[in-house]
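My entries follow in the order in which I looked things up.

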Amino acid sequence: MRPRKQCRRSLSMFDEPEDVMVKKEASFTSNAPLQSICDIEGTPSLQLPHFLPEDRADTLPRIDKSSLVELMDGRYNDHFDNIMIIDCRFQYEYEGGHINGAVNYNDKDNLAAELFASPKPRTALVLHCEYSAYRAPIMAKYIRHQDRAFNVDHYPHLTYPDMYILDGGYSSFFSDHRTLCFPQSYVKMSAKEHEFASERGLGKVKQRSKLSRAQTFAFGQSPQMEDSPTGRCRNGLGDRNRSSGSPFAASSVSGRVSGRRMLSY
């Protein structure tokens, strides 16, 4: 019989069986410039009593008129250094009657420029329009978007975390707190003497809100757009594009003029 080979025990990384059960703390170093998400403090809680409407698609907090009155009376002065009531109605509505101390901004770009040119922390923003159903939410969503872009390197920090919409708008506030308005009157957006101004203002509001999404125009329409580097020549710039070697400089069909594309953005 052949002699049996001696088996050698395989080496183990543990000297003793008990070492297998010993837990070692994991330690590592990282040169990542960003801190862990777990280390970032959450968004500060809102200071005013508020609610989120269930019938609205947005998540913008609403406050009732009694909370606004308490804010104006100074009940929350220990939480805020500044209070800004933003009236988003048209100018003729604002001049016909507004909440004491309110400022009129019906252009969201002008409001954003004012807020972020010299940011003021610990500021309570309260936006409203006639019923706070359309104009004020559009303005508030835009300001929140600009705030996040302004603090992109400090997420989730916001310059104006306490931003609210007055539930019911000026119409509801005026009905119960007329003495807190100046002048003590109420001009509706649909007033007949301001019909032209109302239509013009609503047209601007709808245009700003819709053009933020993709929109297709019918053939023959020519909205104000910048020329596309791959599109046909427009605005009388054909000669310049032909000299620059544009692939659309000349048509392969003689006598054919450069047509318009279906514009979309």
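Is β5 largely enclosed by the rest of the structure or left open, and why? I found six of the six residues of β5 buried, so the strand is largely enclosed by the rest of the structure. For my own reference, buried means under 20% relative accessible area, exposed means over 50%, and partly exposed lies in between, with a 1.4 Å probe and protein chains only. Strands are DSSP runs of E with at least two residues, helices are runs of H or I with at least four, and both are numbered from the N terminus.

**Ground rules.** I am reading a predicted model, where local features need pLDDT of at least 70 and side-chain atom pairs count only at pLDDT 80 or more, while totals for chains, interfaces and linings use all residues. Residues are numbered from 1 along each chain as its sequence is written, and side-chain values use heavy atoms, with hydrogens and water left out.

**Entry: the whole chain.** I noted seven helices and seven strands. Starting at the N terminus, I read their order as β-α-β-α-β-β-α-β-α-β-α-β-α-α. Of the 265 residues, 32% are buried. I also looked up contacts (heavy atoms within 4.5 Å). Among those with a separation of 6 or more, 69% are between residues 24 or more positions apart. The accessible surface is about 19100 Å², and 51% of that belongs to carbon and sulfur atoms. These areas come from the Shrake-Rupley method with a 1.4 Å probe; for residues, only the protein chains shown count as cover.

**Entry: back to β5.** In a regular strand the side chains alternate between the two faces of the sheet. Here I see Thr123, Leu125 and Leu127 pointing one way and Ala124, Val126 and His128 the other way, all of them buried.

Which strands pair with β5? Strand β2 (residues 82–87) runs parallel to β5 and is joined to it by six bridges; pairing requires at least two DSSP bridges between two strands. In that pair, isoleucine 85 stands opposite valine 126. β6 also pairs with β5 in the parallel sense, over three bridges, and there leucine 125 is opposite methionine 163.

I then followed the chain from β5 through helix α4 (residues 135–150) to β6, which together make a right-handed β-α-β unit. Right-handed means that, with the strands pointing away from the viewer, the path from the first strand over the helix to the second runs clockwise.

**Entry: loops on either side of β5.** Arginine 122, in the loop between α3 (108–117) and β5, has a positive phi near 55° although it is not glycine. Serine 132, in the loop between β5 and α4, also has a positive phi near 55°. Which of the two is covered? Arginine 122 is partly exposed at 40% relative accessible area, whereas serine 132 counts as buried at 5%.

**Entry: cis peptide bonds.** Tyrosine 155 and proline 156 are joined by a cis peptide bond, with omega about 5°; proline 156 sits in the loop between α4 and β6. The bond from phenylalanine 182 to proline 183 is cis too, with omega near -15°, and proline 183 is in the loop between β7 and α6 (195–210).

**Entry: helix α5.** How many residues of α5 (residues 169–176) are buried? I listed six of eight: Gly169, Tyr170, Ser171, Ser172, Phe173 and Phe174. Their cover includes α1 (65–72), β3 (98–99), β5 (123–128), β6 (163–166) and β7 (181–182).
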